[in-house]
Amino acid sequence: MKVDLLTCLTAASLVAMATGGGGSGRRRHKEVFLGEKSKFKFGGRIDYKLKRQDSTKTLLIKSEQLLRIEEHDFAMRPGFGGAAIPVGIDVQVESIDSISEVNMDFTMTLYLRHYWRDERLAFPSRTNRSRTFDSRLVKKIWVPDVFFVHSKGSFIHDTTTENIMLRVYPDGNILYSVRVTVTSLCSMDFSSFPLDTQNCSLELESYAYNENDLMLYWKSGNDSLRTDEIVLSQFFIEHFQASSGLAFYSSTGWYNRLFINFILQRHIFFFMLQTYFPTMLMVVLSWVSFWIDRRAVPARVSLGITTVLTMSTIITGVSSSMPQVSYVKAVDIYLWTSFLFVFLSVIEYAAVNYCTTLEEMRKMKRGKIPSTFNASQAMAFDGCFHDNDVELTPFSRTRQALTSDPLAAPPGAPEGTRLRRQRSVRQNVDLFVSNSYLVDSYSRVAFPLSYLLFNTIYWSLYT
């Protein structure tokens, strides 16, 4: 019995050993088969421990091995030591976010695409299909160092991930696209503001590689610049244009530079409503005082001061929204000329009131006004003299006095040589004082005609 039991145990152990050895042999055979297959397909051996730990990294490892990233030094540009590598550029403008006259800059969001060829990234493919990657692989290869000249700030969008795309073709051609927002300088000329046209440009250039190492060019000529439908609040975009040129730096040499030029035509309607129409109304309102009795001091003074203060407010509001430039703008000419008209209407009444007062004082001295008349009491109630209190010179007699020549010979005088003398300054002043009410009559015609002439010249020059 013992002998049979030992015999059975020995046979069972031999069978188990034979079975285990065959299994391990098959695993080794499978591992060797996969290793040779992966080596044949990808040119290297895959770490299966890492694959079992994190399967999400398997594709990245395969891509790096497929593109043979570890076998090359991507700190150097493609074809280092040879001819300059051509890098094509095309841009699609998504939007112009803002244009600031105060800071003299604009903010633009665009898709910037680079095209070049790097034979180090070529890979075999039976279907000739490209492979697309995100920003994780971009950091491990060489990409053009294009930057925006005169930019004040820029950033690559990262919602929900970094907006970067890398596409590699089997022959080594590469498409690198980023979505970027940039704020760049725009030198504006405000001499015709707000009837102006601004020419702005966004400039692209390689930072480290001059024209001997990297050649920037528009990939499809003028068709390389595309725009979506862009609508701005204060500007109308006439057209976009792509151009190129060279930039020279004394320490590093010549660099290729690309330009995105666009012309902005300002909408005038906003400024007509906010600036020009209110200014015109204030000037016209100041003329109302010419139809108010010259003896109504409170009415005419308050009207003049109100229009002057309103014009000052308009000028201050326009100046606060503009850069502090050292030259005169078109809107400044219009505002200050209109302010001058309003100011002159106030000065006109000051002159009329002063001459009227002198005329009344002279009449009091001549005895035409009773000595018991108190001018301050007559003006105390409403601030003006009344016709039943003051005897004014009738208009017909004044006109006759103006038309007659005081130096002419009286009727019936013998004919002969007459000596004509010009009026002295005192006589002219006396004549003006005695007929001060005519100043308002002349102002009712002179002021509107002068302002109409100014507007005709202004709008013909700036439109």
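**Disulfide, sheet and salt bridges in the predicted model**

C186 belongs to the loop between strand 7 (173–185) and strand 8 (197–206), whereas C200 lies in strand 8, so that the pair, 14 residues apart, links distant parts of the chain. The S to S distance of this disulfide is 1.9 Å, where a disulfide is defined as a pair of cysteine sulfur atoms within 2.5 Å; by this rule the count comes to 1 disulfide. Both ends are buried (under 20% relative accessible area, with exposed meaning over 50% and partly exposed in between, for a 1.4 Å probe and protein chains only), C186 at 2% and C200 at 1%.

The model is predicted, with local features requiring pLDDT of at least 70 and side-chain atom pairs counted only at pLDDT 80 or more, while totals for chains, interfaces and linings use all residues. Residues are numbered from 1 along each chain as its sequence is written, and side-chain values use heavy atoms, with hydrogens and water left out.

Helices (H or I, at least four residues) and strands (E, at least two) are DSSP runs numbered from the N terminus, and two strands are taken to pair if DSSP finds at least two bridges between them. On this basis, 4 strands form an open antiparallel sheet in the order 4-8-12-11. Strand 4 (146–149) and strand 11 (235–249) stand at the edges with a single partner strand each, so one side of each is left without a neighbour in the sheet. Strand 11 is joined to strand 12 (residues 253–266) by 13 bridges, the two running antiparallel, and I237 stands opposite L264 in strand 12.

A search of the whole structure finds 14 salt bridges, each being a side-chain nitrogen of Lys or Arg within 4 Å of a carboxyl oxygen of Asp or Glu. One of them joins R257 to E205, with the closest N and O atoms 2.7 Å apart; R257 lies in strand 12 and E205 in strand 8, 52 residues apart. R257 is buried at 12% relative accessible area, and E205 is likewise buried, at 2%. R300 forms a salt bridge with D440, the closest N and O atoms being 2.8 Å apart. Because R300 lies in helix 6 (residues 297–320) and D440 in helix 11 (residues 437–462), this pair ties together parts that are 140 residues apart in sequence; R300 and D440 are both buried.
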